[in-house]
Amino acid sequence: MINQITAILTIAQRDFTKLLRDRARILATFIFPFLFIGILGTSLESNLPPNIGYSFKVFVFTGVLAQTLFQSTASGIISLIEDRENDFSQEIFVSPISRYSIIIGKILGETAVSMAQGLGIIAFGLLIGIPLSLEKLTFMFPAGLMACLFGGAFGILVLSNLKSQRSANQIFPFIIFPQFFLAGVFNPIKTLPPFLHILSRVMPMTYAVDLMRGVYYANSPEKNLIVLHSISWNVLVISVFFIIFLLLGTALFIKNEKNK
Amino acid sequence: MLEKIIEVKKLVKKYKKANKPAVDSITFDVKKGEFFALLGPNGAGKTTIISILTTILNKSGGEVKIVGFDIDKEADKIRKNIGIIFQNPSLDLNLTAEENIRFHALIYGLYPFRPSFSLMPEEYRREVFKLAEIIGIKKDIVKPVKTFSGGMKRKLEIVRSLIHKPKILFLDEPTSGLDPVSRRNLWKYLQDIRKRYKTTIFLTTHYLEEAEDADRILIIDRGKIVTLGTPAKIKKELIDSSIILNAKDKAALKSELDAMKLDYEGHGPFKIKLNGKNPQKIIKSIRSDLTYLDINNPKLEDAYLKLIAKGIK
């Protein structure tokens, strides 16, 4: 058991070390959130009528924060494919550790990477005047952590069905971009036509984003205009699907890895 | 009788989308401490076999036992006892040499997790420096692996795979992509490791000269065994060593060869097949004045090429 924990931490640390050495990646991960919050959020806020009842900038900020944490962890997990192509995964796969430890280590490592990015976004939020009290941040932290872990498990499920880095690069945007809009990262989804309503509610990212907004707007008057579900409902959905994605994804991944 | 450390019975591997099996009912074993070479041309099935033996690929049929453990049921126990050098380097190029070694040591459960080199136990730090010294990368141990040459990377991989003291070291074409000097150096180093740690070595290669030093060679081609034995035995089986003689008085030489009941071809020069006979003895007993003498003792390489060519036909 101690060996498995050591292995999980070792694999997680490697991913974090890799981030610290990859300056281009650090920069790239900040560009999109800054564009979305800084330009999209600010311009929408300036041009929408002031009577919508809440700040659009804050709405986009909370959405992008959760979306970045979810997506960054998911795409980080896909780097297992890159490892496979660089043959580094062989080094991991011939070691005497449980395959689940490999996956969990990978999810934790990418979670740490995403949380570091999350800190950058929070700092940017403070800079552009998003109201962030210490109390709010304290509750946003576990919500962010859940977004990361959920994204990681989602990443494993996607990964287990992909053959190469190329197919990952081609398919991943198709899986992620619709979720941006259906999860309501930049657009309100409180009321939707029935078809879109169903699609929106089956997207995993919806729950990560809604949980983040749930804790951010917990005691605010805007809550009823923005938040879809209760915190406990979001936590329940995320937990259940986290376990399903993780178990199913890992089982498929291991099966595909050995049966060629 | 030496203990069998690898036992393979009727091993079959058929890839999902292939018509023919890549490995077709192969049976062999490797004894403890042996230097065993698996030799064959590209596409013979070498990498498939080594991937199965090292638990990263499922077999389609047959039985495999490594260090006494069944490959289907006890893969974890096998993994603890083997070290592997893959055909393609499996280092993380973003990490330093030491970080690569530490990663390995930690996932093999040799030490408890520590986030940095300086926090690792004294024993580990000493071991790393010792190993780095042996392969001559002591100065570069904290440098990122991407700055390393091909030869250095290989050596680093070997050091890394030895840190958990494996009973068997698998090497899948370890010298491919290396220049001749690095190849020779690596080879010397491996021999040294073998003496020092008494590790069983299982090697695949398509360079015959590398297999010539092995205790036994298994030659495979298109998934099937061509021959198995010591290099001397394989040589004897495959190679027809001969001496070529000529004399002014060809008739006299011919009658001498006839008298000795030798197996020869030609009418001068004569090509005499040795069939295991000592060439010196033959030459000593010849009275005729020789005008030409040559010993044709082909290397195993020639025999191997001939064998593979035969297979291709």
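## A tour of chains A and B

Start with both chains displayed: the contact between them takes 23 residues from chain A and 26 residues from chain B, where two residues are in contact if their C-beta atoms, placed from the backbone, lie within 7 Å. The model is a predicted one, in which local features need pLDDT of at least 70 and side-chain atom pairs count only at pLDDT 80 or more, whereas totals for chains, interfaces and linings use all residues. For your selections, residues are numbered from 1 along each chain as its sequence is written, and chains are lettered from A and ligands numbered from 1 in the order in which they are written.

**The chain A side of the contact**

Select α1 (2-21) and α5 (88-93) of chain A, each of which supplies at least two residues of the side that touches chain B; helices (H or I, at least four residues) and strands (E, at least two) are DSSP runs, numbered from the N terminus. The largest share of this side, ten residues, comes from α1(A). Coloured by class, the side of chain A that touches chain B shows eight nonpolar, eight polar and seven charged residues, with Ala, Val, Leu, Ile, Met, Phe, Trp, Tyr, Cys and Pro counted as nonpolar, Asp, Glu, Lys and Arg as charged, and the others, Gly among them, as polar.

**Chain A as a whole**

Next select helix α10 (residues 204-216) and helix α12 (residues 231-258) of chain A, which pack at an angle of about 145° with their axes 9 Å apart; axes are lines fitted to C-alpha atoms, for helices over the stretch in contact, and angles run from 0 to 180 degrees between N-to-C directions. To see the packing, display side chains including A:Tyr207, A:Leu211 and A:Val215 in α10(A), and A:Ile231, A:Val235 and A:Phe241 among those that they meet in α12(A). By class, the contact of α10(A) with α12(A) has ten nonpolar, two polar and one charged residues.

**Chain B, domain 1**

Turn to chain B, which is divided into domain 1 (4-235) and domain 2 (241-297), the bounds coming from an automatic or database domain assignment. The C-alpha centres of these two domains of chain B lie 47 Å apart.

In chain B, look for the open sheet of four strands in the order β2-β1-β4-β5, with antiparallel pairing; two strands pair if DSSP finds at least two bridges between them. Its edge strands are β2 (23-31) and β5 (69-70) of chain B, each pairing on one side only. Helix α1 (residues 46-53) of chain B packs on this sheet, touching β1, β2 and β4 of chain B, and its direction makes about 120° with that of β1(B). Five bridges join strand β1 (residues 4-13) of chain B to strand β4 (residues 61-66) of chain B, and B:Ile6 stands opposite B:Ile66 in β4(B).

Move on to another open sheet of four strands in chain B, ordered β12-β13-β11-β14 with antiparallel pairing. At its edges stand β12 (264-265) and β14 (290-296) of chain B, each with a single partner strand, so one side of each is left without a neighbour in the sheet. Helix α9 (residues 250-259) of chain B packs on this sheet, touching β11 (242-247), β12 and β13 of chain B, and its direction makes about 140° with that of β11(B). Finish at β12(B) and strand β13 (residues 270-273) of chain B, which pair in the antiparallel sense over two bridges, and pick out B:Tyr264, whose bridge partner in β13(B) is B:Ile272.
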